[in-house]
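Trainee: I would like to go through this model with you term by term, setting each label against the definition behind it.

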Amino acid sequence: MQTYLKGTMPAIYRIDLPCERTEFTTPPCDVHLKFLPPPPTGEGWTLLAHAAPGNPDKLARWLRPHPGVGEVRVEAGIAPKLLRATFAVLPAKWATVAAFVKVHHLVLAPDGNAAWFVEGVRDQVLAVVRHLEAVAGPKPLGATEVRCRPVTSHREAPITRRQFEALATAVSLGYYEIPHRLDLRALAA
């Protein structure tokens, strides 16, 4: 384990590791993954996959064979770059990491590298890193295959946490794209 963790304040950390340790195979292009919790109707988890314009069709073909994937669709837009998929349950590795810290998103690269972006205090993040190393799978992890470093430190934000979450949701659902993919009422729901 190679870490650069300091302090006791909550912060956002990047945990680098091989793709296969995240329960996702190596993607055909760079992709950012984020899970949204099930709606009150209980229809399952929604995976948002964001990539460079023109790549969501490739990502859809890559994602369909993964266990637990339901419907996969490419969101419309001037330059399609968002893929939406449903999962009946949250993938086990994601749920395990989320049991330790708040998971912001996962970045997968076509070179086989992955990066979890998580938020928590130093001890929580160290527990995640130790857990990821302990459940190495069929082959043991190398000494520096899991690396961890802070991305940002805890600072007062000009907006509240709830405002930030609302803004992030609006961006991910396409509210700011032209033409708007949803109206303000749909966003609020």
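**Labels and their cut-offs**

Mentor: Let us start with Arg21, which is found in the loop between E2 and strand E3 (31–36), where helices (H or I, at least four residues) and strands (E, at least two) are DSSP runs numbered from the N terminus. This is a predicted model, in which local features need pLDDT of at least 70 and side-chain atom pairs count only at pLDDT 80 or more, while totals for chains, interfaces and linings use all residues. Residues are numbered from 1 along each chain as its sequence is written, and side-chain values use heavy atoms, with hydrogens and water left out.

Trainee: Why is Arg21 called buried?

Mentor: Buried means under 20% relative accessible area, exposed means over 50%, and partly exposed lies in between, with a 1.4 Å probe and protein chains only. Arg21 has 7% relative accessibility and therefore counts as buried. In the protein chain of 189 residues, buried residues make up 39%.

Trainee: Which of the labels, buried or partly exposed, does Arg84 carry, and which does Glu71 carry?

Mentor: Arg84, with a relative accessible area of 13%, is buried, as is Glu75 at 15%. Glu71, at 47% relative accessibility, counts as partly exposed, and Arg73 at 36% is also partly exposed.

Trainee: What makes Ile159, Phe164, Leu167, Val171 and Tyr176 a nonpolar surface patch?

Mentor: Patches are made of residues with over 30% relative accessible area and no salt bridge, where nonpolar side chains (Val, Leu, Ile, Met, Phe, Trp, Tyr) are joined within 5 Å and like charges within 9 Å. Phe164, in helix H4 (residues 161–173), has a relative accessible area of 43% and is partly exposed. The patch comes to about 460 Å², an area from the Shrake-Rupley method with a 1.4 Å probe.

Trainee: How do you know that the second largest pocket holds about 150 Å³ of space?

Mentor: On a 1 Å grid over the protein atoms alone, a pocket is an open set of points with protein on both sides within 12 Å along at least five of seven lines, and lining residues have an atom within 4 Å of a point. The volume is the space filled by probe spheres set on the points, which gives about 150 Å³ for the second largest pocket. Of its 12 lining residues, the closest to the centre are Arg14, Asp16, Asn113, Ala114 and Ala115. Strand E2 (11–18) and strand E8 (113–120) are the elements that give two or more residues to this lining.

Note on methods:
On a 1 Å grid over the protein atoms alone, a cavity is a set of points where a 1.4 Å probe fits but cannot get out, and a pocket is an open set with protein on both sides within 12 Å along at least five of seven lines; lining residues have an atom within 4 Å of a point. A salt bridge is a side-chain nitrogen of Lys or Arg within 4 Å of a carboxyl oxygen of Asp or Glu.
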